[in-house]
Amino acid sequence: MLPLNNTDIVNGVRNRDKQVFEIVFNQFSPSMFNIALRYLRDQDEAQDVVQDVFLNLWRTADNLDERAPVQHYLARATVNTCLNRIKKTQRQQQYTKEQQFTSTESTVEHLLLEHKELEAQYLSILEKLPDQCRRVFEMSRFKGLSPTEISQQLNISINTVYTHLTTALKKIRLGLLNQQ
């Protein structure tokens, strides 16, 4: 078949002439593929874009302007389709990042809540300890005093300090285990 001019191409595509459409596809798809490949850098994606562009040409053939070259229409449609795909990919990546941030933020909030609950349980158990036992434990853990320093300040034996510390730790451990 002889090469078709732009008017013949537009009229053939508008009339859904499969032979004309096949000629247009064979003539212009390689250059549209190259355009898409430059934008997307992926052969499969570029091939998909070319298929979409020509499918859209077939669907919207009635809208073709016979004054504008079909090759220009196809090139513009290819570029626009590529840009839309790039934007869609970027939006999906942004959404994924936001979801990761949200789930991380949610995890942090959950951990903070658990920490507050655990701390409240810990303080509740600590309040229930006998006075001397609690005092020894607080001096050891909160003030960082050694058993020798505690025994000197409270005027009790070092063995009593160790006994109070052991008792306090057991009761705290058991109290926390029982509340879970």
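Residues 121-172 bring their end C-alpha atoms to 9 Å from each other, in a span that is 81% helix and 0% strand. The model is a predicted one. In UniProt, an unreviewed entry assigns this stretch, residues 121-172, the annotation "domain: RNA polymerase sigma factor 70 region 4 type". A further annotation, also from an unreviewed entry in UniProt, is "domain: RNA polymerase sigma-70 region", listed for residues 25-91. For residues 25-91, the end C-alpha atoms are 31 Å apart, with 82% helix and 0% strand over the span.

Turning to the domain assignment, the chain splits into domain 1, residues 6-97, and domain 2, residues 115-178. Taken over C-alpha atoms, the centres of domain 1 and domain 2 are separated by 76 Å.

A helix pair comes next. Helix α5 (residues 131-141) and helix α7 (residues 158-178) have axes that come within 9 Å and cross at roughly 90°. Because angles of 65 to 115 degrees count as roughly perpendicular, α5 is placed roughly perpendicular to α7. On the α5 side, the contact is made by Gln132, Cys133, Val136, Phe137, Ser140 and Arg141; they meet Val161, His164, Leu165, Thr167, Ala168, Leu169 and Ile172 of α7. Sorted by class, the contact of α5 with α7 holds eight nonpolar, four polar and one charged residues.

Conventions: Residues are numbered from 1 along each chain as its sequence is written. This is a predicted model: local features need pLDDT of at least 70, side-chain atom pairs count only at pLDDT 80 or more; totals for chains, interfaces and linings use all residues. Side-chain values use heavy atoms; hydrogens and water are left out. Axes are lines fitted to C-alpha atoms, for helices over the stretch in contact, and angles run from 0 to 180 degrees between N-to-C directions. Helices (H or I, at least four residues) and strands (E, at least two) are DSSP runs, numbered from the N terminus. Angles under 35 degrees count as roughly parallel, over 145 as roughly antiparallel, 65 to 115 as roughly perpendicular and the rest as oblique. Contact means heavy atoms within 4.5 Å. Ala, Val, Leu, Ile, Met, Phe, Trp, Tyr, Cys and Pro count as nonpolar, Asp, Glu, Lys and Arg as charged, and the others, Gly among them, as polar. Domain bounds come from an automatic or database domain assignment. UniProt positions are given in the numbering used here, feature names are shortened, and annotations may be inferred rather than shown by experiment.
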